[in-house]
Amino acid sequence: MAIRVAIGPLPGVALIGGILLVWFYPITRQRHQQILMELEERRQQYHPSTERSP
């Protein structure tokens, strides 16, 4: 019985949960660019010798 739950309903519930999380997490292209810039600033702060190009 546990195997049936592990390969049937459990992944389905996880998938639906993931879809709902993505659906209600609004992110625009502008916000995505802002996040990428903030991450690059942090990388430069902790590893100043490492340069990345987009």
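This section describes the overall form, surface and side-chain contacts of a predicted model.

The protein is predicted with a mean pLDDT of 88. Of its residues, 91% reach 70 or more. Helix 3 has the highest mean, at 95. The lowest mean, 84, falls in helix 1, which covers residues 2–7. Where pLDDT is low, the predicted coordinates should not be read in detail.

The protein contains 3 helices and 0 strands. Read from the N terminus, the order of elements is α-α-α. The radius of gyration is 19 Å, whereas the globule rule gives 10 Å for 54 residues. The value is well over that figure, so the protein is more spread out than a compact globule. Along the principal axes, the C-alpha atoms fill a box of roughly 55 × 25 × 15 Å.

Burial was examined next. Buried residues account for 0% of the 54 residues. A residue counts as buried under 20% relative accessible area. The accessible surface of the protein comes to about 5,600 Å². Carbon and sulfur atoms contribute 65% of that surface.

Helix 2 spans residues 9–23. From its first C-alpha to its last, helix 2 reaches 21 Å. That is close to the 21 Å expected for its 15 residues at 1.5 Å a residue. Helix 2 is hardly covered, with a count of 0 buried residues among its 15. W23 belongs to this helix. With a relative accessible area of 68%, W23 is exposed, because the cut-off for that class is over 50%. W23 also takes part in a nonpolar surface patch, together with I16, L20 and F24. The four residues of the patch have about 540 Å² of accessible area together.

Helix 3 runs over residues 29–46. L39 is placed in this helix. Its relative accessibility is 36%, so L39 counts as partly exposed. L39 and W23 are 16 residues apart along the chain. Their C-alpha atoms are separated by 24 Å. H47 lies beyond, in the segment after helix 3. H47 counts as partly exposed too, at 49% relative accessibility. Between H47 and W23, the separation in sequence is 24 residues. In space, H47 and W23 are 35 Å apart, C-alpha to C-alpha.

Charged contacts were then considered. A search of the whole structure gives 1 salt bridge. The side chains of E40 and R43 meet in a salt bridge, at 3.2 Å from N to O. Both residues sit in helix 3. E40 and R43 are 3 residues apart, and therefore separated by about one helical turn. E40 is partly exposed, at 22% relative accessibility. R43 is also partly exposed, with a relative accessible area of 35%.

Taken together, the predicted model shows a protein of 3 helices that is more spread out than a compact globule. Buried residues make up 0% of the chain. A nonpolar patch that includes W23 lies on the surface, and a salt bridge joins E40 and R43.

Technical notes:
Residues numbered from 1 in each chain as written. Predicted model: local features only at pLDDT ≥ 70, side-chain atom pairs only at ≥ 80, totals over all residues. Heavy atoms only, no water. Patch = residues over 30% accessible without salt bridge, like charges linked within 9 Å, V, L, I, M, F, W, Y side chains within 5 Å. Areas by Shrake-Rupley, 256 points an atom, 1.4 Å probe, with all protein chains shown as cover. Helix = DSSP H or I, 4+ residues; strand = E, 2+ residues; numbered from the N terminus. Buried < 20%, exposed > 50% of the residue type's maximum accessible area, 1.4 Å probe, protein only. pLDDT = per-residue confidence, 0-100. Rg over C-alpha atoms; globule rule 2.2 N^0.38 Å. Expected span 1.5 Å × (residues − 1).
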